[in-house]
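Subject: Structure handover

Dear colleague,

I am passing a structure on to you, and below it I have set out what was found in it. Please look through it alongside these notes.

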Amino acid sequence: MLLPLRAIAHQPWLKLVLAYLAGASTTLAFAPYGLWPIYLVSMAFALSQSQPLSPKLTFYYWLSFGFGCFSVGISWVHVSMDTFGGLPLAASIGLMALLALYLALYPALAGYLLAKLTPQSHYLRNLLLFPALWVLTEWSRGWVLTGFPWLWAGYSQTSGPLSPLASVIGALGLSYLVALLAGALALLFSAHKTSLAKRGAPLFIIVLVACSASYMTKVLSPITPTGKQVNVTLVQGNIAQSMKWQPEALWPTMLKYMDLSRPEFANTDIFIWPEAAIPAPEDMVSDFLDNANQVANLNNSAIITGIISRQQQQFYNSLIVLGNHQAPMQSSPDYQANGINEFRKHHLLPIGEFVPFEALLRPLAPFFNLPMSSFARGDYQQPNLNALGHQVAPAICYEIAFPEQLRANVTSDTELLLTVSNDAWFGRSNGPLQHMEIAQMRAIELGRPLVRGTNNGVTAVVNVDGEITASLPQFETGVLHASIPLMTGTTLFSRWGQWPILLFSWGVLGYVMIRRWTVR
């Protein structure tokens, strides 16, 4: 026989189970499901249920909520460790669970501080302090230990009604709005004696203002078409991950990309080949690069490709431009590996691209010896790639999840955002689809169309509203051709970034702490 809801509220272990289930349900708010209201309801439920708890119990409650969020939401992490890392299934799931538990510490910290600093006013608690703490802990999660800003609450709005506001306040600002709406919704669940109309008034006002602001942001957008367009072809090679780094697969892989591109030269300005499409250092494949460079040059095109570049004894996960840089039919078509017009990945993926405590960890398991896991780091800020005179701001794979880094590399001359990836590591899981959703948010924030080239999906074109306008099926070999309208103008997020919402949140936290101290 099911316990009544009121009885459940007095069972601590049942509260933790419900917290876990509420957190787990938030996965449905992100790709591929896109049921964005679920995040609001789940967070509001957790906020109302944790309200009467002590700071210590509140910490465990939100730890359970966060563990639900991440143990389900990023369960795909174990695929690379199990399938390609040589770890037993139990070990890979165990490591994934440890990562989820670590990430759960951030919402747990937000909950603990909320309980510790809770003002007497429910309105101040839910509508001011909680959103500020949520934003600050999400932001912290995005940079501590190199950062893991996956599943920010704001990404649930990528296809939601508030998405246009990302051009002003960014994904982190949308996280603030989601937490604010959840706080207002939680007031409806609260048991204090004020009338339902009074408790519901903040929710009505916030929804009205947020939706109106979202609509007006889109109507008054400073981003306008230039009247020009660029013809782009993205090539999805669908190279099996098990073969990608095998020496015997090198030339077949490179020839496959060239063969897929050749029929498209007549109507393409820029070709995009994905991350490490050429899985070898430049100096090992100079003959192929010289040939591809001349073919692109003679066809008035440029090829942007992922490759391993080398400077002295350091290797970089890079993008280079073959063919025409400044304009069609350059006078000097020979390719030279000189580091000019090259982008080197800055934000490296722990374990996958560098191994912390290398001497200690590498001997432990094959997982710590993944191919090409000893890259050097490129500069934080680098010039745009120049392809046929078009300025392209790139991000390689994981870097697209860091909005401030891409913003730092976008200038007034930037015409196109580019991200390349190889998500074959994560099979048919939700990981690549969540990765695509994050990339869509960058297009909204920065007001530029985005192209995403991958080995096996999701390969797609995104407009400045964050909408996918063209894509290839996953796990298939193919080419995607698109004529992309170019835009001009600068979003407010491009100018200010995350700093306004962060400074406001720090200010709220400081105000509550001072107020609490002076009251004492």
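Predicted model: local features only at pLDDT ≥ 70, side-chain atom pairs only at ≥ 80, totals over all residues.

N238 belongs to the loop between β1 and α10 (241–244), and with 24% relative accessibility it is counted as partly exposed. Most residues other than glycine have a negative phi, and most peptide bonds are trans.

Two peptide bonds also deserve a look. The bond from A31 to P32 is cis, with omega near 5°, and P32 lies in the loop between α2 (12–25) and α3 (37–50). The bond from G457 to V458 is cis as well, with omega near 5°, and V458 is placed in the loop between β10 (450–454) and β11 (460–462).

Turning to the chain as a whole, its secondary structure comes to 17 helices and 13 strands. For 520 residues a compact globule would have a radius of gyration near 24 Å, and the 24 Å of the protein chain agrees with this, while the C-alpha trace spans about 80 × 55 × 45 Å along its principal axes. Buried residues make up 57% of the 520 residues, and among contacts with a separation of 6 or more, 72% are between residues 24 or more positions apart. The accessible surface comes to about 21,800 Å², with 64% of it belonging to carbon and sulfur atoms.

Helix α11 (residues 250–261) has twelve residues and reaches 17 Å from its first C-alpha to its last, which is close to the 16 Å expected at 1.5 Å a residue. Its buried residues are L250, T253, M254, Y257, M258 and S261. Seen down the axis of α11, these buried residues fall within an arc of 130°, so they line one face of the helix. An α-helix has 3.6 residues a turn, so residues three or four places apart point the same way. The elements that the buried residues of α11 pack against are β1 (224–236), β2 (270–272), β3 (278–281), α12 (286–298) and β4 (302–311).

Notes. Residues numbered from 1 in each chain as written. Heavy atoms only, no water. Helix = DSSP H or I, 4+ residues; strand = E, 2+ residues; numbered from the N terminus. Expected span 1.5 Å × (residues − 1). Buried < 20%, exposed > 50% of the residue type's maximum accessible area, 1.4 Å probe, protein only. Arc of directions from axis to C-beta. Contact = heavy atoms within 4.5 Å. Rg over C-alpha atoms; globule rule 2.2 N^0.38 Å. Areas by Shrake-Rupley, 256 points an atom, 1.4 Å probe, with all protein chains shown as cover.
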